[in-house]
Amino acid sequence: MAIFNQCSKIAPFPFVEYQVMYYRDVLAGKIEVPSEEERNIDASKRLNAEADRPLKYRYEIQKSQFSYNAENAGYCGVPVENDFDMKLLGELYEVVAIDRANNPMVYRNKEYEFNTDIGDFELIKQ
């Protein structure tokens, strides 16, 4: 049984998808889980990388979710550039985050559409 990371303030897909793929590959023996010592060292590095932030905010993934997704995709052998365009999704995330801060009552009414042919997105519904 697994408990997947449940973050808030993220774009949930492909976040959860890559976690599930990672877990699947661990169960199938394709990925070896690092030792407890290695995991603790990695956790300390990640925690201390934001030592200037209050502890309760250090686990927020927000902007770094896209590099995290790419890292997990790499573990599972998924070429990110052939999967979903993480850079484009990150740009849309930033646009929506700014809009959410400025227009908290109506930002959810907007819909965007991706055009991966030109590497952009557009607002299709206000």
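Trainee: Among contacts in the protein between residues at least 6 apart in sequence, what share joins residues at least 24 apart?
Mentor: That share is 47%, where a contact means heavy atoms within 4.5 Å. This is a predicted model, in which local features need pLDDT of at least 70 and side-chain atom pairs count only at pLDDT 80 or more, while totals for chains, interfaces and linings use all residues. Residues are numbered from 1 along each chain as its sequence is written, and side-chain values use heavy atoms, with hydrogens and water left out.

Trainee: OK, and what pattern does the protein follow along the sequence?
Mentor: The pattern reads α-α-α-α-β-β, with four helices and two strands; these are DSSP runs numbered from the N terminus, helices being H or I of at least four residues and strands E of at least two.

Trainee: How much of the protein counts as buried?
Mentor: Of its 126 residues, 23% count as buried, taking buried as under 20% relative accessible area, exposed as over 50% and partly exposed as in between, with a 1.4 Å probe and protein chains only.

Trainee: Which residues make up the largest nonpolar core?
Mentor: There are 11 residues in this core, among them Tyr-18, Phe-66, Ala-73, Val-78, Val-80 and Met-86; such a core is a set of buried Ala, Val, Leu, Ile, Met, Phe, Trp, Tyr and Cys residues joined through side-chain atoms within 4.5 Å. Helix 1 (12–27), helix 3 (65–75) and helix 4 (86–102) each supply at least two of the core residues, and the largest share, three residues, comes from helix 4. Leaving aside neighbours within four places in sequence, Ala-73 is in contact with Tyr-18, Val-78 and Val-80.

Trainee: Staying with helix 3, which of its residues are buried?
Mentor: Gln-65, Phe-66, Tyr-68, Asn-69, Asn-72 and Ala-73 are buried there. They lie on the same side of helix 3, because they cover an arc of only 155° around the axis, the arc being that of the directions from the helix axis to the C-beta atoms.

Trainee: Switching to the strands, how many bridges join strand 1 to strand 2?
Mentor: Five bridges join strand 1 (residues 111–115) to strand 2 (residues 120–125), and the two run antiparallel; two strands pair if DSSP finds at least two bridges between them. They form a hairpin with four residues between them, and Gly-119 in the turn has a positive phi of about 70°.

Trainee: What stands opposite Glu-111 in strand 2?
Mentor: Lys-125 stands opposite Glu-111, and the two form a salt bridge whose closest N and O atoms are 3.7 Å apart, a salt bridge being a side-chain nitrogen of Lys or Arg within 4 Å of a carboxyl oxygen of Asp or Glu. Since Lys-125 lies in strand 2 and Glu-111 in strand 1, the pair ties together parts that are 14 residues apart in sequence.

Trainee: How many salt bridges does the structure hold?
Mentor: It holds six. Arg-24 forms one with Asp-25, the closest N and O atoms being 2.9 Å apart; Arg-24 is partly exposed at 43% relative accessibility, whereas Asp-25 is buried at 4%. Asp-42, Arg-46 and Glu-71 are linked in a network of salt bridges.
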